[in-house]
Amino acid sequence: MKDNKILIFDTTLRDGEQSPGASLNVHEKVEIAHQLAKLNVDVIEAGFPISSPAQFEAVKRIAEEVDCIIAALSRANEKDIKAAAEALAPAPRKRIHTFSSTSDYHILGKFGHERYGKTLEEKRRTIIKMSYDAVAYAKTFTDDVEFSAEDAGRTDIGYLAEVIEAAIEAGATTVNIPDTTGYTLPFEFAAKIAELKKRVKNIEKAIISVHCHNDLGLAVANSIAAVQSGARQVECTINGIGERAGNASLEEFVMALNVRKDLLDFYTDINTKEIYNTSKMVSAFTGLLVQRNKAIVGENAFAHESGIHQDGVLKSRETYEIMTPESVGIPKNNIVLGRHSGRHGLKVRLQELGYKVTDEELQNVYKAFTELADKKKEVFDDDLRMLMGDEIQKDNGIYELEYIQVNAGTNLIPNAVVKINYNGEIYSESATGDGPVDAVFNAIERALSINSEVESYQVRSVTSGREAMGEVIIRIRSGNKSFMGRGISTDIIEASAKAYLSALNQKEKYLNQTSPKNNESISEVI
Ligand SMILES: CC(=O)SCCNC(=O)CCNC(=O)[C@H](O)C(C)(C)COP(=O)(O)OP(=O)(O)OC[C@H]1O[C@@H](n2cnc3c(N)ncnc32)[C@H](O)[C@@H]1OP(=O)(O)O
Ligand SMILES: CC(C)C(=O)C(=O)O
Ligand SMILES: [Mg+2]
C-alpha cells in the first residue's frame with residue numbers, strides 16, 4: 001500500500017444503523033453491502049453479531065456474499081468475540097473489531113463495578129489487560145484484528161498511549177482512535193494522533209485509524225486533520241448517519257481529498273461515481289432523509305438558485321462549482337422509463353442504480369412498475385428506488401394491506417374501512433377520525449386490537465408532478481423503542497396505511513426476536 005493511500009472503513013451498517021429511527025432488515029443490509037463493494041470501500045463493518053440474531057445473520061450473509069474485507073464489532077470479552085468470529089467465518093477476508101473504553105468518563109461511569117478495581121488506577125490497569133486479552137483472543141480467529149479505544153478523544157494521552165501499545169503488543173493490526181463524543185477540535189485531534197505516533201512503541205506495526213462523530217459538526221474536519229498527522233484509515237458512513245449527530249460522512253471526506261488534491265496529498269480507492277446511488281439506497285432503506293443542503297448528495301448541492309449564480313455558471317461552470325455532479329454519479333437526466341419499457345430495460349436500470357435483482361424481484365417490481373407507468377407519464381430513478389425498497393421490505397410482511405376505502409370531505413366525518421391480511425387471516429374494520437389518515441390508523445388499530453403511539457409522521461413526494469408517488473415515513477413508539485415504517489403509493493392515504501403496517505411489521509419482528517413468547521400475535525404482546 002502506498003503511504004498516501006487512505007483506507008475507507010465504512011460503518012454504515014453498524015454505527016450508521018445505530019442512528020435513532022434507522023433499522024435495516026437483513027435483505028436491505030446485504031443489498032447495501034453489495035453497493036458498498038461497488039463503491040470500492042476497503043472494509044465493510046457489517047454489524048455487531050452478539051447484539052441480536054438478526055445482526056448475526058446479516059453479518060454472516062454479508063460474509064458469505066460480498067467480496068470485501070468484512071468486519072464485525074465485539075466488546076472486549078470472549079463471548080462477543082466468539083460471536084463475531086462465527087458470523088464472519090464464511091468471509092475469505094475478515095476482521096474482528098474489538099473495543100474497550102479508555103476515558104475517565106467511561107472508566108468511572110461504565111465500569112464502576114468493583115470487579116474492574118476500586119480506584120481509577122486499578123480500573124485503568126484492568127482495562128489494559130482486558131484490551132490485551134481481547135486482541136489476543138481475536139487473533140486466534142483471524143490475523144486481521146482492529147482495536148478501538150472508545151472515547152479516545154477525551155482520554156488522557158499518556159494512558160491512551162499505554163492502551164494502544166498493549167493492543168499492538170497483543171497483535172492488533174489496526175488501532176482506532178475514536179472521537180466517540182465528537183468533542184475534539186481539528187488541531188487538537190491532529191496533535192493527539194501525532195503524539196501517539198511519538199509515544200507508542202511499535203506503532204508502525206499497526207495502521208492508525210480514526211472514527212469521528214459529528215456532535216460539533218467537525219467529524220470530517222477532524223478526520224482530515226488526523227490523516228495529516230499520520231492516520232491511514234478513516235471510519236465513516238454514507239450520508240454521515242450514525243449514533244446521535246452521526247459519523248464522518250464518507251462522501252464529504254472522500255470528495256474533500258479529491259477536490260483539494262492541491263493541499264492534501266492523499267487518495268482513496270473510492271469509485272466516486274457510485275456515491276450518489278449509494279446515498280440514495282441508504283436513505284431509501286433506512287428512511288433517513290438527506291437534508292436538501294447536505295454537501296455532495298443533498299438535492300441542493302449542485303442547484304443554483306439566484307440570478308447572478310445562474311448567470312455565472314452558464315458562462316463558466318467553475319464560477320460557482322468546485323466539482324461536477326457527474327463526478328459523484330448524479331445523472332444529467334434521470335427520466336428513464338415509461339409504460340412501453342420492458343423487463344430487460346427495467347432490470348438494467350435497476351442494476352445501474354446498484355441493486356442486485358433476482359428473477360422473482362424483477363417480476364414483482366415489473367408488475368408494480370407497469371401499474372405506476374399507467375398512472376404516470378415518466379418513471380424516474382427515485383420512483384424505481386421506492387419500488388425496489390417496497391419489494392425488499394416485503395420479507396417483513398407479517399401484516400399486509402388488502403384493501404382500503406376512505407370517505408372524507410368538507411362536510412363529512414372522515415371514515416375509513418381497512419382489510420388486513422395477517423398470516424393468511426383477514427381482519428377488517430371501519431373507523432372515523434379527525435382526518436382521513438387518522439381514520440385509517442384508527443381502523444387498523446381496531447382491526448388488530450392494538451393501540452400505538454404515533455411518534456412522527458412525514459409525507460413527501462418522491463418525484464415532482466401531480467402524479468408523483470408519495471412516500472410516508474412513520475415512527476411508532478413502544479416503551480423506549482421506536483419502529484420505523486415506510487409506505488409508497490400514488491395515493492398518500494394508501495401510503496399512510498402501508499407505512500403504519502410496515503412499522504407494525506418491524507415491531508412484531510423485533511418482539512419475535514427478543515420475546516420468549518415467540519408465537520404470540522402482536523396484539524397479545526403489546
Ligand atoms: C460507541 C459504540 O458505538 S459502541 C456500540 C454500541 N452498539 C450497541 O450497543 C449495539 C446494540 N446493543 C445491544 O444489543 C446490547 O447493548 C448488547 C447485546 C451489546 C449488550 O446487552 P446487555 O448485555 O444487556 O448489556 P447492556 O447493553 O445493558 O450494558 C452494556 C454492558 O456492556 C459493558 N461494556 C460496555 N462496553 C464494553 C466493552 N468495550 N467491553 C466489555 N464490556 C463492555 C457495560 O459495562 C455493561 O456491562 P454491565 O452489565 O456489567 O454493566
Ligand atoms: C465502537 C467504536 C469504534 C465507536 O463506534 C465509537 O467509539 O464511536
Ligand atoms: Mg461510533
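Is His211 buried or exposed? His211 is buried, since 30 other C-beta atoms lie within 10 Å. A residue is called buried if 20 or more other C-beta atoms lie within 10 Å of its own, exposed if 12 or fewer, and partly exposed in between, with C-beta atoms placed from the backbone.

## Basis of the model

This is a predicted model, in which local features need pLDDT of at least 70 and side-chain atom pairs count only at pLDDT 80 or more, while totals for chains, interfaces and linings use all residues. Residues are numbered from 1 along each chain as its sequence is written, and chains are lettered from A and ligands numbered from 1 in the order in which they are written.

## Overall fold

The protein chain has 17 helices and 16 strands. Helices (H or I, at least four residues) and strands (E, at least two) are DSSP runs, numbered from the N terminus. The C-alpha atoms fill a box of roughly 75 × 65 × 40 Å along the principal axes.

Of the 526 residues, 46% count as buried. Among contacts with a separation of 6 or more, 65% join residues 24 or more positions apart. Two residues are in contact if their C-beta atoms, placed from the backbone, lie within 7 Å.

An unreviewed UniProt entry lists residues 6-276 as "domain: Pyruvate carboxyltransferase". UniProt positions are given in the numbering used here, feature names are shortened, and annotations may be inferred rather than shown by experiment. The span 6-276 is 42% helix and 17% strand, and its end C-alpha atoms lie 21 Å apart.

In helix α3 (residues 78-88), the buried residues are Asp80, Ile81, Ala84, Ala87 and Leu88. They lie on the same side of α3, because they cover an arc of only 130° around the axis. The arc is that of the directions from the helix axis to the C-beta atoms. An α-helix has 3.6 residues a turn, so residues three or four places apart point the same way. The cover over the buried residues of α3 includes α2 (53-65), β3 (69-75), β4 (94-101) and α5 (120-139).

## Surroundings of the two ligands

Ligand 1 has 17 residues around it, of which Ser51, Arg75, Ala76, Ser100 and Lys110 come nearest. A residue is near a molecule or strand if its C-beta atom, placed from the backbone, lies within 6 Å of it. Strand β4 gives the largest share of this shell, 3 residues. By class, the shell around ligand 1 has 5 nonpolar, 7 polar and 5 charged residues. Ala, Val, Leu, Ile, Met, Phe, Trp, Tyr, Cys and Pro count as nonpolar, Asp, Glu, Lys and Arg as charged, and the others, Gly among them, as polar.

Around ligand 2 are Asp15, Leu73, Phe99, Ser148, Glu150, Asn176, Pro178, Thr180, His211 and His213. At least two residues of this shell come from each of β5 (145-150) and β6 (174-179). The shell around ligand 2 comprises 3 nonpolar, 5 polar and 2 charged residues.

## The annotated binding site

The "binding site" annotation in the unreviewed UniProt entry covers Asp15, His211, His213 and Asn247. They gather at one spot, because no two of their C-alpha atoms are more than 10.2 Å apart although they span 233 residues in sequence.

Asp15 is placed in the loop between β1 (7-10) and α1 (26-39) and counts as buried, with 23 C-beta neighbours inside 10 Å. Beyond its neighbours within four places in sequence, Asp15 contacts Thr237, Gly242, Glu243 and Asn247. His211 belongs to strand β7 (residues 207-212); with the same exclusion, its contacts are Ser148, Asn176, Pro178 and Glu235.

## Further individual residues

Leu250 lies in helix α9 (residues 250-259) and is buried, with 33 other C-beta atoms within 10 Å. Leu250 and Thr237 are 13 residues apart in sequence, and their C-alpha atoms are 5.2 Å apart in space.

Asn202, which is not a glycine, has a positive phi of about 60°. Asn202 sits in the loop between α7 (186-199) and β7 and is exposed, with 10 other C-beta atoms within 10 Å. Ile296, likewise not a glycine, has a positive phi of about 70°. Ile296 is in the loop between α10 (275-286) and α11 (307-315) and counts as buried, with 27 C-beta neighbours inside 10 Å.
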